[in-house]
Amino acid sequence: MRISCRRSLDWAIFVPDRLQQHKENAESRQSGGANAYAEFAECAGKTEGRNRSGGIPTIPTTQPGFRGSEYGDLSVANGRIGSSGGKKTAEAIQKEVAQEIDQLLQVIFAALRKSGRLDLEAVEMATRSAMHQAGAAVLKELLQKSRNEVAREVACPCGQQARFHEMRPKQILTVLGRIYMQRAYYVCGHCHDGQSPLDCELDIVGTECSPGVRRMMALVGSDGPFEHGRRQIEELAGLDVTSKTIERHSEGIGEDIIRREEAEVQRAIQLDLPEVHVADIPMMYVEMDGTGVPVVASETEGRVGKIEGQSARTREAKLGCVFTQTATDDQGRPIRDEDSTTYTGAIETAELFGRRLYAEAHHRGWNRAKRKVVIGDGAIWIWNIADEHFPTAIQIVDLYHARQHLWELSGKLFSSDPQQRLRWVKQVQKKLDAGKIESLVKTLHAFPPSTDELAKLLTTEAEYFARNAERMRYPKFRADHLFIGSGVIEAGCKTVIGSRLKQSGMFWTVRGANSILALRCNRLSHKFEDYWESRRAA
């Protein structure tokens, strides 16, 4: 079936001669128009504050028939079964659209005649509502096309043939509103499983929400609280969904992203990753860090908290990022390439996270980078990952984190003498910034502790700096125009994790937190469009 929409589109853009004709018709029909403006205001009020959702393709002038799909080509050896009901033509669909527009124009011109002015907001909202209703009618008729010819048998996943059983109804919430349809249902005599092939083709198996609506829910669900997302969809798209529905679908899409990432990680473990064909990269960085995510009590059972005697209230989410650098500023300081940062993360062990981060770096072209750098805050798990998965990379401890160690130590050593504390910090920090770590370690060992606790603290800090000495050669790193701070991943922990998962009153399951984190990493890495297209193709 080929549908010509040019005539209805002409109506929709208000071609001048039709405008005049409708104005005259509306004036002749309305005797006084006493209720016209009220009807118009009511129509507008139902849609007040809503805005048209983006990303919805417009209907082309002509649309191909359903040849080659399950709609109109389900041919098998046993032939087809004709369904009941008349066949809607393109002209009938156009008529429904034209009726919606005709009714809208009648209300608009009656209101103009009565008030003498145009309320633009009310008109645009009423127009959008009418277009949604017209679009829903078109969509319903297109879906009902599937009833015209029904295959007697379709292939079953078990390898046998499933036979036609009956036509079953289904309602779908689409971006144009709720519609109802009938589709063929088949049952396999061998395995006794049932299926609706049309559900599979439309990507609505096990759900009453269309792909377009689920996409909306994933976007708002990843951005903020689910209840806030519900209000956004109601306000901007005019759709009535529950916050639980948004939670279920956004986490479901996040879980699908996780499954795909896990498959990529498994290929990385088996050294079966495809060769990445990208141009040579001058400089590539990998940074990683961790931050606590508040979780429900059952997720921390048996875990010791940071405060002695109290159980843990959070689980550590590990986050990694990969970005590139090709230029420096006029003072020789490195500049991160715009939009080059991608993220990956989860609440999981360091071992699993290391594999995840390696797969992401490989996907970005790690093997094509001329120089490779890993930056972290000094945590042992970070350098274990760097040694195992990025052995050829330059390792750098974040300078500002190292300075923080000195400031915290000085606060314990000179708790009652702020001036002495400041003088001592300046002395040792100068050695740190100069990369003279051996001298700094000697200073720490030589300091006379007043208590056993301070002696233990000095030993711990001295070991920290000695262990990371080669990662703290900051003058050399600066001369090579390298980043020496982990600001990118620090900001990522706040933006990717904190702003969504650590809001007031939030407590997550590990599964739910990982699903939303995967979805956020995917979106903030500018991968969501590619994911959605690959998902549709699959």
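Colleague: Where is D203 found, and why is this residue called partly exposed?

Modeller: D203 is found in the loop between α6 (197-202) and α7 (211-223), where helices (H or I, at least four residues) and strands (E, at least two) are DSSP runs numbered from the N terminus. Its relative accessibility is 27%, and because buried means under 20% relative accessible area, exposed over 50% and partly exposed in between (1.4 Å probe, protein chains only), D203 counts as partly exposed. Its phi is near 60 degrees, a positive value in a residue other than glycine. This is a predicted model, in which residues are numbered from 1 along each chain as its sequence is written and side-chain values use heavy atoms, leaving out hydrogens and water. Local features need pLDDT of at least 70 and side-chain atom pairs count only at pLDDT 80 or more, whereas totals for chains, interfaces and linings use all residues.

Colleague: What makes D339 exposed?

Modeller: D339 has a relative accessibility of 60%, so it counts as exposed. The residue is found in the loop between β9 (334-336) and β10, and it has a positive phi of about 55 degrees although it is not a glycine.

Colleague: Why is the pair of Y358 and F390 called tilted?

Modeller: The two ring centres are 6.4 Å apart with 50 degrees between the planes, and rings of Phe, Tyr and Trp (its six-membered ring) pair if their centres lie within 6.5 Å, with planes under 30 degrees apart counted as stacked, over 60 as edge-to-face and the rest as tilted. The distance therefore qualifies the rings as a pair, and the angle makes it tilted. Y358 lies in helix α10 (residues 350-364), whereas F390 is in the loop between α11 (380-389) and β12 (394-397), so the pair ties together parts that are 32 residues apart in sequence. F390 is buried, with a relative accessible area of 1%.

Colleague: And what makes the pair of Y531 and W532 edge-to-face?

Modeller: Here the angle between the planes is 65 degrees, with 6.2 Å centre to centre, which places the pair in the edge-to-face class. Y531 and W532 are both buried. The structure holds 16 aromatic pairs, and ring pairs also link Y285, F323 and F483 into a cluster.

Colleague: How do you know that R168 lies over the face of Y185?

Modeller: A charge sits over a ring if NZ of Lys or CZ of Arg is within 6 Å of the ring centre and within 35 degrees of the ring normal, and R168 lies over the face of Y185 at 3.7 Å from the ring centre. R500 likewise lies over the face of F226, at 4.9 Å from the ring centre.

Colleague: Why are β3 and β6 said to stand at the edges of their sheet?

Modeller: Four strands form an open sheet in the order β3-β4-β5-β6, with antiparallel pairing. β3 (153-155) and β6 (194-195) each have a single partner strand, so one side of each is left without a neighbour in the sheet.

Colleague: What makes β3 and β4 count as paired, and how many bridges join β5 to β6?

Modeller: Two strands pair if DSSP finds at least two bridges between them; β3 and strand β4 (residues 161-174) have three, and A155 has Q161 as its bridge partner in β4. β5 and β6 are joined by two bridges and run antiparallel, with V187 opposite G194 in β6. β4 and β5 pair over twelve bridges and form a hairpin with two residues between them. In the hairpin of β5 and β6, which has five residues between the strands, H192 takes a positive phi near 65 degrees.

Colleague: Why is A184 called buried?

Modeller: A184 has a relative accessibility of 13%, so it counts as buried. The residue is in strand β5 (residues 177-188), and its contacts (heavy atoms within 4.5 Å) include V150, F164, E166 and M167. The C-alpha atoms of A184 and E166 are separated by 6.0 Å, although the residues are 18 apart along the chain.

Colleague: How do you know that the span of α10 is close to the expected one?

Modeller: The expected span of a helix is 1.5 Å times one less than its number of residues; α10, with 15 residues, reaches 21 Å from its first C-alpha to its last, close to the 21 Å expected. Its buried residues, among them F353, G354 and R356, pack against α9 (243-269), β7 (281-294), β8 (314-328), β10 (342-346) and α11. Just after α10, G365 takes a positive phi of about 100 degrees.

Technical notes. Lists of a residue's contacts leave out its neighbours within four places in sequence.
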